[in-house]
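Here's a quick briefing on how this chain packs together. Have the sequence and the model open while you read.

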Amino acid sequence: MATDKHSSWSYTEGLPDEDDVLLRARDRSRELGVTAVTPAVGAALTVLAAASKASTAVEVGAGAGVSGVCLLRGLGHQAVLTTIDADVDHLRAAREAYAEAGIPSNRTRTISGRASDVLPRLTDRAYDLVFIDGDTAGLPLYVEQAVRLLKDGGMVIINDALDQDRVPEPAVRESSTTTLRQIGRLIRDDETLVSALLPTGTGLLLAVKQRS
């Protein structure tokens, strides 16, 4: 029996019921020209954060706080999220979303700076979860740093891993698409990681660092 994948995708994206906090954060995203994670990706982030039982998490790319709120809602009440973004307006919007969500200020740390500069300064094996939603050109470095930062059993999540659905198309040779294909293969072939690529949103690439 043939399956309409587009209908399934649309149903999946429409299923989450977002509250006013997330809807306002999405409005700010549009005002800032930021592409927020889709509702289904947001819901997946909450579930993955809850399942990970993470106490320390890093987010590369604040957007306007949509993904951060979703992560924080899944993390435990004592967990801390560190968000990195070079745009101070994006960080300001994220902090506003966190406050509207009732997240205590001591559970978030926002760092203004380029992820390529900030990530190498973070402590080895100190984080349970790393979410990457940054520029594609920087992905190879971000992934390398994420693996270094993760504790054994920690998870890295990469958003837009299908590059707006261009990755499966062999004829597409754009630099962003090529980079994401390479990242997918590198993670798949890394024997220290177990991984899966999900078609949720525009692709979520998940990898867990195996315990040594």
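Setting aside residues up to four places away in sequence, A79 touches A54, S55 and R107, where contact means heavy atoms within 4.5 Å. Keep in mind that this is a predicted model: local features need pLDDT of at least 70, side-chain atom pairs count only at pLDDT 80 or more, and totals for chains, interfaces and linings use all residues. Residues are numbered from 1 along each chain as its sequence is written, and side-chain values use heavy atoms, with hydrogens and water left out.

**Around A79**

- A79 is found in the loop between helix 4 and strand 2 (80-85); helices (H or I, at least four residues) and strands (E, at least two) are DSSP runs numbered from the N terminus.
- A79 is buried, with a relative accessible area of 2%; buried means under 20%, exposed over 50% and partly exposed in between, using a 1.4 Å probe and protein chains only.
- A79 and N106 sit 27 residues apart in sequence, and their C-alpha atoms are 9.4 Å apart in space.

**Helix 2 against helix 4**

- Helix 2 and helix 4 pack at an angle of about 155°, with axes 9 Å apart; axes are lines fitted to C-alpha atoms, for helices over the stretch in contact, and angles run from 0 to 180 degrees between N-to-C directions.
- That makes helix 2 and helix 4 roughly antiparallel to each other (over 145 degrees; under 35 counts as roughly parallel, 65 to 115 as roughly perpendicular and the rest as oblique).
- On the helix 2 side the contact uses V21, L22, A25, R26 and S29, and on the helix 4 side V66, V69, C70 and R73.
- The residues of the contact of helix 2 with helix 4 divide into 6 nonpolar, 1 polar and 2 charged; here Ala, Val, Leu, Ile, Met, Phe, Trp, Tyr, Cys and Pro count as nonpolar, Asp, Glu, Lys and Arg as charged, and the others, Gly among them, as polar.

**Helix 3 against helix 4**

- Helix 3 and helix 4 pack at an angle of about 35°, with their axes 7 Å apart.
- By class, the contact of helix 3 with helix 4 has 5 nonpolar, 4 polar and 1 charged residues.
- L71, which lies in helix 4, is buried, with a relative accessible area of 1%.
- Leaving aside neighbours within four places in sequence, L71 is in contact with L45, A49, E59, L81, L129 and F131.

**Helix 7 against helix 8**

- Helix 7 (residues 139-149) and helix 8 (residues 175-189) pack at an angle of about 25°, with their axes 10 Å apart.
- Helix 7 and helix 8 are therefore roughly parallel to each other, and helix 7 passes helix 8 in a right-handed crossing.
- L139, P140 and V143 in helix 7 meet T179, L180, I183 and I187 in helix 8.
- The residues of the contact of helix 7 with helix 8 divide into 6 nonpolar, 1 polar and no charged.

**Nonpolar cores**

- The largest nonpolar core has 31 residues, and L75, L129 and I157 have the most contacts inside it; such a core is a set of buried Ala, Val, Leu, Ile, Met, Phe, Trp, Tyr and Cys residues joined through side-chain atoms within 4.5 Å.
- Elements that each supply at least two residues of this core include helix 2 (20-32), helix 3 (39-52), helix 4 (66-74), strand 4 (127-132) and strand 5 (150-159).
- A second, separate core of 29 residues includes L119, Y127, I132 and A161.

**Positive phi**

- Most residues other than glycine have a negative phi.
- R125 has a positive phi of about 50° although it is not a glycine, and R125 is partly exposed, with a relative accessible area of 46%.
- R125 has its place in the loop between helix 6 (115-118) and strand 4.
- D160, also not a glycine, has a positive phi of about 55°.
- D160 is found in the loop between strand 5 and helix 8 and is buried, with a relative accessible area of 17%.

Technical notes
Left-handed = near helix turned anticlockwise from the far one by under 90°.
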